[in-house]
Amino acid sequence: YQAIKTGTGNTQYSGTVTLGTSLSGSTYQLNDTTRGGHKTYNLNRGTSGTGTLMTDADDVWGDGTGSNTQTAGADAAYGAQETWDFYKNTFGRSGIRNDGVAAYSRVHYSSGYVNAFWDDSCFCMTYGDGSGNTHALTSLDVAGHEMTHGVTSNTAGLEYSDESGGLNEATSDIFGTGVEFYANNSNDVGDYLVGEKIDINGDGSPLRYMDKPSKDGGSADSWYSGVGNLDVHYSSGPANHMFYLLSEGSGTKVINGVTYNSPTSDGVAVTGIGRAAALQVWYKALTTYMTSSTNYADARAAALRAASDLYGANSTQYAGVGNAFAGINVGS
Ligand code: ASN
Ligand code: ZN
């Protein structure tokens with residue numbers, strides 16, 4: 001028998017948070033039975049299997065630093081919990097497969113591993129500790145990004161190459177950002193930057209910028225024939241940019257203390273429809289109209305159909321989708 005508990009996580013990136021935990025006998029477990037039974041395991045630098053379920057005597061997890069073994073578990077559990085809640089409360093989606101069953105998470109994968117990844121075959125989420133083993137890849141937007149790969153696999157199934165691969169990556173950035181805004185955490189505020197907390201570049205810069213993707217030095221801001229030849233983390237740029245334009249509009253804007261300056265490919269100003277509506281449009285497009293081979297032109301058609309379904313063909317939201325895609329040189 002496992003009693004439902006509410007533990008305390010002293011996370012590295014999100015401050016002190018409450019975590020769904022369980023009490024089995026006299027031992028607390030990082031096992032959230034209120035969200036599909038999500039469990040967090042410690043691989044202890046291994047690279048296969050599940051390692052050991054994370055347990056604790058007092059239901060206080062981690063100390064906020066990467067040198068405490070439990071801290072990465074607290075961040076991972078928090079990321080899974082906020083991702084679950086984001087999908088449930090924003091879209092009515094109950095877990096990655098929409099079947100009420102949680103994935104599981106594994107932390108401390110390998111040694112000095114500077115990545116995190118979703119794996120369809122184990123239906124599980126894995127985090128490395130980063131270089132120096134103190135910058136775990138466990139921030140909220142990364143958690144939301146990676147688990148969204150599972151959602152995409154189980155819906156549109158966007159193939160991970162060519163333009164569909166860019167759309168797959170962008171979908172993870174879009175909903176990863178959605179998770180970060182949803183969590184409304186004062187230590188990791190919502191932004192249109194990806195991976196700004198994990199300091200992968202060592203200079204505090206984010207991995208990706210949705211307002212102007214080319215700021216990362218590799219991503220495309222707008223569609224061009226041949227954009228599908230880029231790495232999928234760069235061909236995602238136009239779709240990330242479209243989502244920013246659709247949410248917030250073009251030009252300069254300050255949100256939660258971050259200044260954005262988003263251009264359009266043709267210089268024509270775009271007015272945003274708000275992030276909440278933009279998320280609904282992209283989710284419906286992904287889950288209803290996109291397929292494994294969807295390209296940028298198809299994504300525009302899918303998003304327009306989604307906007308029409310949700311808001312009507314004469315709505316400002318529908319017009320906004322057309323304008324945001326025009327802003328990345330897709331459609332007219
Ligand atoms: N972190 C990477 C990503 O989600 C892992 C990968 O290359 N698939 O894109
Ligand atoms: Zn990804």
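Which residues touch the most other members of the largest nonpolar core? In this predicted model, they are Phe243, Val281, Trp282, Ala285, Ala303 and Val321, out of 86 core residues. A nonpolar core is a set of buried Ala, Val, Leu, Ile, Met, Phe, Trp, Tyr and Cys residues joined through C-beta atoms within 7 Å. Buried means that 20 or more other C-beta atoms, placed from the backbone, lie within 10 Å of the residue's own. Helix α1 (residues 69-91) supplies the largest share of this core, 9 residues. Domain 1 (2-138) and domain 2 (162-326) each give at least three residues; the bounds come from an automatic or database domain assignment.

Local features need pLDDT of at least 70, and side-chain atom pairs count only at pLDDT 80 or more, whereas totals for chains, interfaces and linings use all residues. Residues are numbered from 1 along each chain as its sequence is written, and ligands from 1 in the order in which they are written.

Five strands form an open, mixed sheet in the order β7-β3-β2-β1-β8. Strands (E, at least two residues) and helices (H or I, at least four) are DSSP runs, numbered from the N terminus. Pairing requires at least two DSSP bridges. β7 (55-56) and β8 (60-61) are edge strands with a single partner each, so one side of each lacks a neighbour in the sheet. Strand β3 (residues 27-29) runs antiparallel to β7, joined by 2 bridges. Tyrosine 28 has aspartate 56 of β7 as its bridge partner.

Key: Buried ≥ 20, exposed ≤ 12 C-beta atoms within 10 Å, placed from the backbone.
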